[in-house]
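Please give me a guided tour of this structure. I have it open in a viewer and would like to know what to select next.

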Amino acid sequence: MTLTQPLSSEAYFPYGDVIATREDVVPTPANMGTAKRYNWLTTPRNLRPDSALPNLCVFHCTPFLGSEFQVQLLEHHPDSTQVFIPMGSASRYLVIVALGGDEPDLSTLRTFIASKHQGITYHPGVWHHPLIALDQETDFTCLVWEDRTARDCVVKRLDPHVRVPVPARE
């Protein structure tokens, strides 16, 4: 069973970026002083600039309410960063990632609990499980470059499945 930990920029760094206000980023004043702007929190990449277009979409996720999640598959996007930002009344969500090339390297599999104040990216090629909302239905804004070919999303089924504990809501 894989240990699940709170999402932090440091622990998540090999897999992608955490999108949130951060102490290591100095904000600049914005909107005539009514806001602070935190710049360059991530650099989304498109490795197919001639054929792929940015796709800004929304995922509406039904929550997982159990105490142990069975990871049956992982997917990756070999040529694009994928960005997810929770919207509305989001609570928390489960992030499952692994490194690897054509196959996920399960020795690098990590699981994180992200808060409603944290968005995430997956670097191109990072294996991950589809989004898993916890506690309540959640909408996520997503940005990914796609060209409607098989390389947009490559899926691998896992056998045996990986069990991931889901900490109870605090």
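This is a predicted model: local features need pLDDT of at least 70, side-chain atom pairs count only at pLDDT 80 or more; totals for chains, interfaces and linings use all residues.

Select strands β2, β10, β7, β13 and β5. They form an open sheet of five strands in the order β2-β10-β7-β13-β5, and the pairing is antiparallel. Now look at the edges. Strands β2 (18-19) and β5 (53-61) sit there, each pairing on one side only. In general, strands of a sheet pair through backbone hydrogen bonds.

Next, zoom in on β7 (residues 82-87) and β10 (residues 119-122). These two run antiparallel and are joined by three bridges. Pick Phe84: Ile120 in β10 stands opposite.

**Stop two: Arg22.** Move to the loop between β2 and β3 (28-30), where you will find Arg22. Show its side chain. A polar atom of that side chain lies 3.4 Å from the backbone oxygen of Val18. The Arg22 side chain also makes a polar contact with the side chain of Asp24, at 2.9 Å.

**Stop three: the largest pocket.** Select Thr4, Gln5, Pro6, Arg92, Ile113, Pro167, Ala168, Arg169 and Glu170, which line the largest pocket. Its volume is about 170 Å³. Which strand gives the largest share of the lining? Colour β1 (residues 4-6) to see: three lining residues come from this strand. Finally, colour the lining by residue class. Four residues are nonpolar, two are polar and three are charged.

Terms used. Residues are numbered from 1 along each chain as its sequence is written. Side-chain values use heavy atoms; hydrogens and water are left out. On a 1 Å grid over the protein atoms alone, a cavity is a set of points where a 1.4 Å probe fits but cannot get out, and a pocket is an open set with protein on both sides within 12 Å along at least five of seven lines; lining residues have an atom within 4 Å of a point. Grid points are joined across faces, edges and corners, and a volume is the space filled by probe spheres set on the points. Helices (H or I, at least four residues) and strands (E, at least two) are DSSP runs, numbered from the N terminus. Ala, Val, Leu, Ile, Met, Phe, Trp, Tyr, Cys and Pro count as nonpolar, Asp, Glu, Lys and Arg as charged, and the others, Gly among them, as polar. Two strands pair if DSSP finds at least two bridges between them. A polar contact is a pair of N or O atoms within 3.5 Å; within protein, one must be able to donate a hydrogen and the other to accept it, and residues adjacent in sequence count only if both atoms are side-chain atoms.
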